[in-house]
Amino acid sequence: MSGIAYYDRQTDNFIPAIETKTMVIGALQDETHHLWFATLGNGIFKYNKQTGEWKQYEHNKENPDSLISDLVTSLYVDNEGYLWIGTEEGLCCMDRQKETFKLVPIANEYLHVAKIIGDDNYLWITTNKGLYRFNPEDQTFRHFSKQDGLQNDQFCNNSGIRSRSGLLYLGTINGFNIINPRSIYANRYIPPVIITNLQIFNQDATPQKYPSVLSGSIQTAEQIELSHRENVFSIEFAALSYTIPSKNQYRYMLEGFDRNWNDVGNERKATYTNLPAGTYTFRVQGSNNDGIWNKKGTTLTIIIHPPYWRSPVAYVIYLIITITLLGILFFYLKKQTEKNNWPGPGN
């Protein structure tokens, strides 16, 4: 039998309660003395101790308010009475009064949730991609990974506790972590953002190679001018925050070409190809490892000149030639008309 049993102390026996047909991985008792059981395959089972009734909650693809997955790994009831459910397909929250479930994407991802632990106003959520601290009030996440000192980014299902002293003990596939939530502070430093390099056709552009483009360092340049043959280029940039620089985030846009910002994570390079002639403004913003953004960022004006046959001077020449040809044609037609209308001698 795969299911739930209770222990009878008087007879020193385990008595079967209900068959779940799959592994039961977690259980909790809420403030109303209901018992909740998490299973890996058949959702959640709730037991009413007063009535002896059982109720099962499962995923129903035709009901958007149902449990998001039947592979449930962890359960937690917060101070507001909401039941938080970790599954192998993400995090969701249950309104126990309405008996509805709401998906809560973790930093816009649907991760394998391993364990949920409450601490004051935060939820600590272990996943297959690190540890997240979640603030239910403003729906914000802060991510911690091996780069922050974790044993591993892959946590084990339902492996974690909060001790009486407030320390968190969280199990991974490579050992366990001891975390003091009160010793974690946000990095409030707003990092300067600079442009670090310019490449043209994947070659670093220097004043020696491209004197017509750069007269000095790209870091101090406010404007560059490119010919129509140099319209395939890359711009590299950096946010000057060194706490965990690999967790710095970036977004950029080229005004006059991009309609929206490009959020590129920790990628520090933007490439544009075959841009038409015109004047553009490249803007880039960056954040530190804790998501504190420099929204002013930095800018670079980029002027791409047209080929000579499409330059303003060329268009003036084309206009002069066109007017001249029209004048010649007009003069020729006028002479022909006069010739045809000449009565000739003797008339």
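**View 1. D119, D120, R162 and R182 are linked in a network of salt bridges.** A salt bridge here is a side-chain nitrogen of Lys or Arg within 4 Å of a carboxyl oxygen of Asp or Glu. This is a predicted model, where local features need pLDDT of at least 70 and side-chain atom pairs count only at pLDDT 80 or more, while totals for chains, interfaces and linings use all residues. Residues are numbered from 1 along each chain as its sequence is written, and side-chain values use heavy atoms, with hydrogens and water left out.

**View 2. Here R162 meets D119.** Their side chains form a salt bridge at 2.9 Å, N to O. R162 sits in strand β15 (residues 155-162) and D119 in strand β11 (residues 113-119), so the pair ties together parts that are 43 residues apart in sequence. Strands are DSSP E runs of at least two residues, numbered from the N terminus. D119 is buried, at 4% relative accessible area, whereas R162 is partly exposed at 37%. For the cut-offs, buried means under 20% relative accessible area, exposed over 50%, and partly exposed in between (1.4 Å probe, protein chains only).

**View 3. D119 also forms a salt bridge with R182.** The closest N and O atoms are 3.5 Å apart. R182 lies in the loop between β17 (175-179) and β18, so its pairing with D119 in β11 ties together parts that are 63 residues apart in sequence. R182 counts as partly exposed, at 41%.

**View 4. R251 and D263 make a salt bridge of their own (3.1 Å, N to O).** R251 is in strand β22 and D263 in strand β23 (residues 262-265), 12 residues apart. D263 is exposed, with a relative accessible area of 57%.

**View 5. Four strands form an open antiparallel sheet, in the order β19-β18-β21-β24.** Strands count as paired if DSSP finds at least two bridges between them. β19 (203-204) and β24 (269-272) stand at the edges with a single partner strand each, so one side of each has no neighbour in the sheet. Strand β21 (residues 233-239) is joined to β24 by 4 bridges, and I235 stands opposite A270 in β24.

**View 6. The largest nonpolar core has 28 residues.** Such a core is a set of buried Ala, Val, Leu, Ile, Met, Phe, Trp, Tyr and Cys residues joined through side-chain atoms within 4.5 Å. L198, I224, F233, F282 and I302 have the most contacts inside this core. β21 gives the largest share, 5 residues.
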